[in-house]
Amino acid sequence: MNTQTPLRDLMTTDLTVIKLDTPFNKIKSIFDTNSFHHLPVVDNMAMVQGIISKHDFTNLAYRLSNETAGKTYSEKTYNNIFAKDIMTKNPVFLNPNDSIGLVADLFLENIYHAIPIMEDGVLVGIITTHDLLAFAFYKAPVGDDE
């Protein structure tokens, strides 16, 4: 596998994004009906403000279920939580021309499992550990040791 391959060759470009004011229940619905595990959070100018992982979301939901008593109280709590309250703020981002070697280093050295890809200030994709593994094992030419 050539570690200099640009991210544009393997990043996901068909994105679902949410706004800062997207409510908890809508985020839950998106995660429940899709197979992806990360949601970029954008402002009204479509600038990335944060990212929410499914893992972070389910951990919050679990904590809230333990801290609240009764269905009515839990629902009221959920109705007052928005994407801006859950997201990891100011996520690291890369450019489509950055290499898979760079993103692999970031994944290995940090706790990241997804990184937004920005070009000229615009969100153009996302790269995940799954994308990198799929590329390494299914898409990279066999015998490419560079």
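Helix α2 has 14 residues, which at 1.5 Å a residue should span 20 Å; its end C-alpha atoms are 20 Å apart, so the two values agree. The expected span is 1.5 Å times one less than the number of residues. Helices (H or I, at least four residues) and strands (E, at least two) are DSSP runs, numbered from the N terminus. This is a predicted model: local features need pLDDT of at least 70, side-chain atom pairs count only at pLDDT 80 or more, and totals for chains, interfaces and linings use all residues. Residues are numbered from 1 along each chain as its sequence is written, and side-chain values use heavy atoms, with hydrogens and water left out.

**Helix α2**
- Phe57, Leu60 and Leu64 are the buried residues of α2 (buried: under 20% relative accessible area; exposed: over 50%; partly exposed: in between; 1.4 Å probe, protein chains only).
- Seen down the axis of α2, these buried residues fall within an arc of 65°, so they line one face of the helix. The arc is that of the directions from the helix axis to the C-beta atoms.
- The face turned away from the buried side of α2 carries exposed His55, Tyr62 and Asn66.

**Helix α1**
- Phe24, Ile27, Ile30 and Phe31 are buried in α1.
- They cover an arc of only 125° around the axis, which puts them on the same side of α1.
- Asp32 and Thr33 are exposed on the other side of α1.

**Sheet and packing**
- Four strands form an open sheet with mixed pairing, in the order β1-β2-β3-β4. Two strands pair if DSSP finds at least two bridges between them.
- The edge strands, β1 (18-19) and β4 (88-89), each pair on one side only.
- Strands β2 (residues 38-42) and β3 (residues 48-53) run antiparallel, joined by five bridges. Leu39 has Ile52 in β3 as its bridge partner.
- Helix α2 (residues 54-67) packs on the sheet, touching β3 and β4, and its direction makes about 65° with that of β3. Contact means heavy atoms within 4.5 Å.
- Helix α1 (residues 24-33) lies across β1, β2 and β3, at about 140° to β2. Axes are lines fitted to C-alpha atoms, for helices over the stretch in contact; angles run from 0 to 180 degrees between N-to-C directions.

**Aromatic pairs**
- The structure holds three aromatic pairs (Phe, Tyr and Trp rings, the six-membered one for Trp, with centres within 6.5 Å; planes under 30 degrees apart are stacked, over 60 edge-to-face, the rest tilted).
- The rings of Phe24 and Tyr78 are stacked, because their centres are 4.4 Å apart and their planes at 0°.
- That pair links distant parts of the chain: Phe24 in α1 and Tyr78 in α3 (residues 71-78) are 54 residues apart.
- Phe24 counts as buried at 2% relative accessibility; Tyr78 is buried at 16%.
- Ring pairs link Phe24, Phe31, Phe57 and Tyr78 into a cluster.
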